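Student: Could you walk me through this model, one topic at a time?
Tutor: Gladly; have a look first.

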Amino acid sequence: MHLLSVDDLSPADIDTLFRLSDGFLEVASRPIKKVPTLRGRTQINMFFEASTRTLTSFELAGKRLSADVVNIKASGSSVSKGESLKDTILTLESYRPDIIVMRHHQVGACRMAARYTTARVVNAGDGAGEHPTQCLLDLYSLRRTYGRLEGLKVAIVGDVLRSRVARSNVFGFRKMGIDVRLVGPPTLIPPGIEHWGVPVYHDLEALDEVDVVYVLRMQLERAKGKVPPVPSLREYSRLWGLSPRRLRPDQRVMHPGPINRGVEITGDLADSDRSLILHQVESGLAVRMAILYHVLAPHPQAA
Ligand code: NCD
């Protein structure tokens, strides 16, 4: 199977992934953090957009499973000479890769790539489209923290408009029985939001009833050449930035990273014991090992 969208997974698939992740989390605690599971398999990570966490964790995940892992970045590859995505994929296909993990600035690019390769394609973020593996690692982090997902209340706050994480997380969180709401200024809420099936609030008071506040990054790099959706970052951080005094002591905060300290979240909240940010990163490695295993498994349900 490919993993292009959270829609590709049923709640039972997600439970299977979490059982596998529990095992891989244990592997990460060993002195020798390597298992032979994907020995002889080839994994190509194609990243046409910047990444620290996602690329590092997919690379480490593949290596800890003993796969042969190759990283390709747009700068430094023939993409920078004008090669099309189709030609890049067809070229790589000659090497018979088993898995292609791909990040691209265009919505739907991973789905298109899947048409030209026999490898399993994993979407590591396509423009403002989807980021299913972020959703899975966030769910896993929540499950590790609370011991359950069903009935948790989560508010996703901020730049929903340009966030692929918001889209995947709304759909994936709802699938697992989480009560989700979106919170942000009207200019950062995308058109068609009524089809997402979750309530939208334009007031931080909507955070009062939730267990977890999931803060989104201000996606400044997607604003180039467009009218900015907020008048200034200073005003945004004053009105919408999350600080410890905006939350109750028992509420937890999450963020996909990279954080803009002092914009959508203050440094002291990000560094506090209420923050799950580094816990999410740790969960990400185990979950991505589970994903690599799962997409290649011949009988996913039996994995
Ligand atoms: C996210 C992304 O790239 O979509 N980052 C990530 O994968 N950890 C979120 C973001 O960039 O804001």
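Student: How many Å separate the centres of domain 1 and domain 2?
Tutor: This is a predicted model, where local features need pLDDT of at least 70, side-chain atom pairs count only at pLDDT 80 or more, and totals for chains, interfaces and linings use all residues. Residues are numbered from 1 along each chain as its sequence is written, and side-chain values use heavy atoms, leaving out hydrogens and water. The chain is divided into domain 1 (6–131 + 281–296) and domain 2 (132–277), with bounds from an automatic or database domain assignment. Taken over C-alpha atoms, their centres are separated by 25 Å.

Student: What is the strand order in the open sheet of four strands?
Tutor: Strands are DSSP runs (E, at least two residues), numbered from the N terminus, and two of them pair if DSSP finds at least two bridges between them. Strand 1 (residues 42–47) and strand 2 run parallel, joined by six bridges. The edge strands, each pairing on one side only, are strand 2 (68–73) and strand 4 (120–126). With parallel pairing, the order is 2-1-3-4.
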